[in-house]
Amino acid sequence: MVLKAELHCHIEGAASPELVLSQARKYGVDTSDFLRGGAYHWHDFTSFLSAYDAAASLFRSEEDYALLAEDYLTGLAGEDAIYSEIFTSPDHAERAGLSRMAYTNALGEGIERARTKTGIEGRIIVTGVRHFGASAVEDAARFAAACGHPLVTGFGMAGDERFGNVRDYEKAFEIAREAGLGLTVHAGEFGGWESVEAALNHIRPTRIGHGVRAIENPDLVHRLVEENVVLEVCPVSNIVLNVYPDYASHPLPDLLEAGCRVTLNSDDPPHFHTSLGHEYHVARAHFGLDDAILHSLTRTAIEAAFVDDTTRRRLRDTLDAKTVAQ
Ligand code: ADE
Ligand code: ZN
């Protein structure tokens with residue numbers, strides 16, 4: 001058994017079709033535009049983002065969000081995950097009529113419930129949505145910096161990478177950095193290697209969401225290695241969203257070979273018919289990674305996690321103890 005840890009999962013994108021249908025019944029909403037036959041329906045990145053927004057709009061109360069986080073993390077623990085960072089989006093909560101703080105407290109409550117049931121440790125990475133614009137992302141950063149929630153340990157940016165210039169978001173990340181939050185930013189998914197370089201130059205994060213397109217520039221790969229930047233790789237997402245046509249074209253093995261620090265993640269699991277367990281399975285089946293390498297990817301995730309030293313030590317100990325016990 002390989003223990004797992006996840007650094008890159010959008011909590012609204014993790015809502016299972018069953019849970020979304022039950023929310024839709026609760027609020028009397030028709031979901032046939034984006035959910036049919038018990039599965040999400042979309043056809044490209046733009047329509048995926050619309051389906052994501054539509055599902056998110058069905059989570060409106062504190063209990064809705066607590067249930068969402070509890071449901072996701074409990075399932076993750078069932079796949080032998082010991083740690084999970086969820087990307088949260090206060091903008092989506094506000095659009096659904098809930099305050100940022102109530103939303104964050106509710107997700108924190110869901111994380112605590114899952115920990116009580118299963119032992120899984122969780123943290124919250126507040127994200128801004130790039131295509132909502134720089135001032136919305138700064139507002140999200142100001143919220144993350146000021147909210148004081150003990151599980152909020154990081155700040156990130158998701159959304160459409162093709163929108164705007166990463167320089168416009170520097171201020172948001174400065175606000176988060178000054179507050180002591182860990183930083184991660186989506187780049188190198190739809191934006192090409194240039195977007196990874198721009199993220200390194202302007203944001204200086206310790207982690208990059210995706211980052212896989214860096215492979216197109218060997219000097220940049222070298223820089224990622226030199227600067228110890230960790231990539232939150234989401235293989236199934238990349239195939240389903242057509243960043244790569246097939247697993248044979250996916251650069252994860254080459255990034256590893258070059259010495260990049262890589263982790264495995266599910267991104268928006270039910271949208272992509274995946275789960276963290278499935279990502280590990282794909283890495284084994286399509287990239288030929290054995291248990292020792294998969295274990296090292298989990299270790300990389302623990303080393304790159306936005307947690308205090310005591311928690312990191314405990315997670316490391318859990319990982320090592322389970323491996324020795326095999
Ligand atoms: N938001 C949710 N999933 C995303 C992805 N794969 N890329 C960018 N933004 C997202
Ligand atoms: Zn993502």
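Donors are N, O and S atoms within 2.8 Å of the metal (3.2 Å for Na, K and Ca); water is not among the atoms, so sites may look incomplete. This is a predicted model, in which local features need pLDDT of at least 70, side-chain atom pairs count only at pLDDT 80 or more, and totals for chains, interfaces and linings use all residues. Residues are numbered from 1 along each chain as its sequence is written, and side-chain values use heavy atoms, with hydrogens and water left out.

**Zinc site**

The zinc ion (ligand 2) has His8 (NE2), His10 (NE2), His186 (NE2) and Asp267 (OD) as protein donors, at 2.1 to 2.3 Å. Along the chain these donors have the spacing H-x1-H-x175-H-x80-D. Histidine 8 is in the loop between strand 1 (4–6) and helix 1 (17–27), and histidine 186 is in strand 7 (residues 182–187), so the pair ties together parts 178 residues apart in sequence. Helices (H or I, at least four residues) and strands (E, at least two) are DSSP runs, numbered from the N terminus. Both histidine 8 and histidine 186 are buried, meaning under 20% relative accessible area (1.4 Å probe, protein chains only).

**Cysteines**

A disulfide is a pair of cysteine sulfur atoms within 2.5 Å. By this rule there are 0 disulfides. For two of the cysteines, the closest cysteine sulfur and the relative accessibility are as follows.

Note on methods:
Chains lettered and ligands numbered in written order. Buried < 20%, exposed > 50% of the residue type's maximum accessible area, 1.4 Å probe, protein only.
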